[in-house]
Structures are given as C-alpha cells and as structure tokens.
Amino acid sequence: MTDSIKTSIDSKKRLWIDYPPGRRLIEPHVLGFSRASSKLLRAFQVEGASSSGEHENWKLFTVDKVQGIEDSGQTFNGPRPGYNPDDSAMKGGIISRL
C-alpha cells in the first residue's frame with residue numbers, strides 16, 4: 001500500500017480509498033510517520049464519505065486504517081492551496097511528498 005501511495009504522490013494521481021466511514025476520492029500530498037511511528041497520509045479529499053461532514057477539505061489519514069486503495073484513473077495539477085510540504089503531523093519523518 002505504501003508503494004501505491006508513493007507512486008500516486010510522484011505522478012499526481014487521485015486515489016479512491018476505503019476509510020471509515022466509507023469511500024473517498026483523494027489527492028495524496030504527503031506520506032510520513034507520526035512521532036509515535038504511525039504511518040500517516042495528508043491528502044486533499046475531493047469527494048466521498050466524511051465523519052466530520054467536510055467532504056472536500058484537507059484530511060489526515062492513518063494508513064493502517066485504510067481498508068482498500070484503487071487508482072481512480074484521474075490526475076491532479078499539483079499542490080492544493082494550504083499545502084505544507086513540512087507537515088507538522090509528520091514528526092517521525094517524511095517518506096514522500098509533492
């Protein structure tokens with residue numbers, strides 16, 4: 001799964017992920033580790049399920065909770081407004097970023 005996410009970041013490909021409470025279309029921007037060594041993904045969610053009610057916004061996902069991942073066949077142009085390549089959630093280090 002990590003390789004798929006890294007490839008999608010490098011090639012600016014949107015992904016469908018299954019993440020509670022449901023399926024989401026995302027633009028992955030940063031993959032890294034929290035201070036506690038959990039693998040994290042910072043992405044801009046374009047559409048889909050949301051427990052917060054915000055269906056289009058920046059989201060932080062715990063990779064271990066991702067239940068499925070699929071290439072959407074869509075690309076995106078580049079970083080969204082508000083993108084921070086030095087994401088403060090990635091205190092344990094960054095694996096890949098735009």
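## Terms and model

A residue is called buried when its relative accessible area is under 20%, exposed when it is over 50%, and partly exposed in between, using a 1.4 Å probe and protein chains only. By this rule Asp18, at 26% relative accessibility, is partly exposed.

The model is predicted: local features need pLDDT of at least 70 and side-chain atom pairs count only at pLDDT 80 or more, while totals for chains, interfaces and linings use all residues. Residues are numbered from 1 along each chain as its sequence is written, and side-chain values use heavy atoms, with hydrogens and water left out.

## Overall fold

The chain contains 1 helix and 6 strands. Their order from the N terminus is α-β-β-β-β-β-β. Helices (H or I, at least four residues) and strands (E, at least two) are DSSP runs, numbered from the N terminus.

The C-alpha atoms fill a box of roughly 30 × 25 × 25 Å along the principal axes. Of the 98 residues, 42% are buried.

Contact means heavy atoms within 4.5 Å. Among contacts between residues at least 6 apart in sequence, 57% join residues at least 24 apart.

## Thr2 in the helix

Thr2 belongs to helix H1, residues 2–11. Leaving aside neighbours within four places in sequence, Thr2 is in contact with Leu31 and Lys39. With Lys39 there is also a side-chain polar contact of 2.7 Å. A polar contact is a pair of N or O atoms within 3.5 Å; within protein, one must be able to donate a hydrogen and the other to accept it, and residues adjacent in sequence count only if both atoms are side-chain atoms.

Gln45 sits in strand E3, residues 39–48. Gln45 is buried because its relative accessible area is 0%. Residues up to four places away in sequence not counted, Gln45 touches several others, including Leu25, Ile26, His55 and Phe61. Arg24 is one of the residues touched, and the side chains of Gln45 and Arg24 form a polar contact of 2.8 Å.

Asp18 is placed in strand E1, residues 13–19. Beyond residues up to four places away in sequence, Asp18 touches Arg23, Lys65, Val66, Gln67 and Gly68. Ile5 is 13 residues from Asp18 along the chain, and their C-alpha atoms are separated by 13 Å.
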